[in-house]
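Please keep the sequence and the model open alongside the points.

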Amino acid sequence: MNTKSKRMSAAGLLIAIGIVYGDIGTSPLYVMKSIVTENGGIANVNRELIVGSISLILWTVTLLTTVKYVMIALKATNHGEGGIFSLYALVRKRAKWLVIPALIGGAALLADGTLTPAVTVTTSIEGLKNMRFGDVIPVPSQEVVIMITIIILVILFSIQRMGTSVIGKAFGPIMLIWFTFLGVVGIANLSHDWSLLEAINPIHAIRILFSPANKVGILILGSVFLATTGAEALYSDVGHVGKANIIGSWPYVFVCLSLNYLGQGAWILHNASYHAGNGDFNPFFEVVPSNLRLFAIALATIAAIIASQALITGSFTLVAEASSLKFLPRMNIIYPSTEKGQIYIPSINKMICVVTVAIVFLFRTSHHMEAAYGLAITVTMLMTTILLFEYLGKKGKPLYLRLIFLIAFAFIEGMFLISSLTKFLHGGYVTVLIAGFILAIMYVWFYGNKIRDKRESRNAYVRLDEYTDMLTNLSHDEDYPTYATNLVYMANVKYNKFIKREILYSILDKRPKRAKAYWFVTVNVTDEPYTAEYAVNTYGTKNVINVQLYLGFRKQTSVNVYLRQIVHELIADGTIEPQPQKYTTTPGRDVGDFSFVIVNDVISPQTQLVGYEKWLVEARVRLQNLSSNPASWFGLEYADTVIERVPLILGRPNPSYIKRIKPKDYSNAKK
């Protein structure tokens with residue numbers, strides 16, 4: 001991210017409001033509703049419950065969002081990028097076990113990406129239910145709510161391929177209107193009872209946890225936590241808007257949210273005898289004057305769509321980072337625009353769409369969805385706390401300060417986690433299933449690769465520099481037809497000289513492949529987000545080139561594009577031989593054709609792994625075969641690419657021998 005984008009500006013503040021706060025900004029749609037419903041409805045609430053609940057909300061947002069994320073986590077950025085995987089990239093060298101909280105937190109965050117669109121859009125459309133427009137009731141039942149919600153969600157997922165560059169510019173002004181609306185409506189209702197401001201006193205938050213006015217006890221935290229579910233997204237989006245713009249815009253957002261919660265509380269206390277004839281009740285819509293109700297519903301729906309959009313695109317970014325960090329298989333990534341960081345992953349978009357629609361069908365009402373919502377993000381926050389503890393250690397903070405941070409936030413988030421887990425049978429199990437499925441894939445891929453690398457035979461690698469003479473001779477041997485001008489192997493050349501034996505076997509033994517230049521390209525993913533560098537080693541030749549690409553974990557892997565630039569530069573400085581083209585539509589073309597070869601593993605029957613290790617490696621290979629064509633990950637969709645499958649032999653295989661015998665004599669056999 002460039003320096004200008006890091007500075008606070010009016011445009012930057014507006015963009016931050018539009019991109020960063022969608023999730024936390026739609027929380028007033030369901031938080032107070034959930035608290036009141038869990039306590040038996042509006043007829044069973046009293047002042048102590050409302051004041052205590054709002055105090056819990058205000059101090060939860062203050063501690064978790066303001067203190068932990070805005071004041072502490074925003075300092076833990078990796079070259080301006082945030083999020084749990086960027087944080088892991090900063091601290092992973094401190095201890096190997098840190099990969100565990102990174103995997104768990106990432107899986108839970110991806111699970112949250114399927115729940116947010118479902119709960120926010122459903123809640124907004126429920127505001128239309130049984131509203132009368134003249135003599136017509138357009139949304140007379142929950143079935144119609146479900147149908148409208150699914151239509152909106154399907155349209156939302158369908159337009160992801162187009163990118164968000166155009167619609168994204170409208171996010172800021174719309175969300176600014178949304179937060180202003182929240183604040184104005186809140187203060188209008190609060191003006192009827194300013195004494196509700198006593199909720200600012202944290203004593204009320206602590207007292208309500210043990211008060212008989214609170215019928216669910218500590219379990220009220222499960223509903224309260226919904227007010228801060230967007231805090232993790234705030235941290236993840238810092239790379240798009242810059243920390244200065246988040247720090248500058250957060251106070252306004254926080255004040256508007258606080259005023260709305262206070263306004264809802266004031267309305268509830270002054271309408272204790274309210275009775276919803278249809279059984280539905282949402283204080284968010286009730287506090288709005290009847291002549292503005294339709295506007296409020298429309299605005300809430302747009303805000304919910306924006307919040308969903310932010311979570312969906314955030315999931316794409318999270319998956320791309322996980323793939324680069326070798327937590328997930330490589331996937332086909334599409335860049336719908338030239339804007340930095342804007343990506344689209346078709347397979348992930350389809351998966352999230354299917355799961356989100358299934359959640360709407362399964363739970364049917366926003367109240368039932370709230371049981372599953374919140375659990376996933378609580379887990380992510382707890383994992384982020386662990387990684388931040390290590391980050392503070394890396395920065396040289398005293399151990400006692402780090403322990404205070406860890407104990408304080410782990411205790412708070414642990415309480416929220418316990419409260420959320422009590423809803424396991426009422427919907428929380430869905431969150432666990434989704435996050436568990438994603439975590440299983442991450443675990444298999446990461447540790448399957450670890451075992452493969454650890455147990456590969458020592459003979460699996462040979463020294464590339466010992467074969468340069470042979471490759472140079474083959475390059476000039478006219479007894480063999482030219483296979484390609486540039487033969488490129490996507491290979492992991494270790495320590496600048498060791499290469500897998502099967503790659504040289506493919507060139508020399510299967511059927512000698514003659515080429516003017518042999519390229520062995522290694523893609524190294526760096527901890528920095530947008531690195532784009534390369535290093536070259538020719539081993540004293542003009543035909544054998546080892547290229548080490550260093551690409552940031554958010555950088556597009558366009559090997560075909562990068563390699564053409566590299567060939568131009570190496571020909572220009574005389575490092576490799578010229579490649580003039582006699583037949584071409586481009587006069588003066590000095591770069592020949594390319595043929596790319598990608599080698600994939602297939603488990604060999606000779607592999608000697610047993611038990612857990614064998615299962616893990618086999619599962620990893622199955623995932624590899626199910627994932628997208630590796631050519632697409634390397635940016636080679638339109639290049640001449642060959643996928644060669646080679647047997648993967650792990651452990652020490654037992655040599656197999658067959659004994660030679662004399663031919664059997666059947667001359668005396670009976671006819």
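**Notes on cysteines, a helix pair and one threonine**

1. Cys353 is buried, at a relative accessible area of 16%, where buried means under 20%, exposed over 50% and partly exposed in between (1.4 Å probe, protein chains only). Cys256 is buried too, at 5%. The structure holds zero disulfides, a disulfide being a pair of cysteine sulfur atoms within 2.5 Å.

2. This is a predicted model, in which local features need pLDDT of at least 70 and side-chain atom pairs count only at pLDDT 80 or more, while totals for chains, interfaces and linings use all residues. Residues are numbered from 1 along each chain as its sequence is written, and side-chain values use heavy atoms, leaving out hydrogens and water.

3. How do helix 6 and helix 7 pack? The axes of helix 6 (residues 84-91) and helix 7 (residues 99-126) lie 10 Å apart, at an angle of about 175 degrees. Helix 6 is therefore roughly antiparallel to helix 7, a label for angles over 145 degrees.

4. On the helix 6 side, Ile84, Phe85 and Tyr88 make the contact (heavy atoms within 4.5 Å). Their partners in helix 7 are Val99, Pro101, Ala102, Gly105 and Gly106. By class, this contact has six nonpolar, two polar and no charged residues, with Gly counted as polar.

5. Thr116 also belongs to helix 7. Is Thr116 buried or exposed? Thr116 counts as buried because its relative accessibility is 0%. Leaving aside residues up to four places away in sequence, Thr116 touches Asp23, Ser308, Leu311 and Tyr373.

Technical notes: Axes are lines fitted to C-alpha atoms, for helices over the stretch in contact, and angles run from 0 to 180 degrees between N-to-C directions. Helices (H or I, at least four residues) and strands (E, at least two) are DSSP runs, numbered from the N terminus. Angles under 35 degrees count as roughly parallel, over 145 as roughly antiparallel, 65 to 115 as roughly perpendicular and the rest as oblique.
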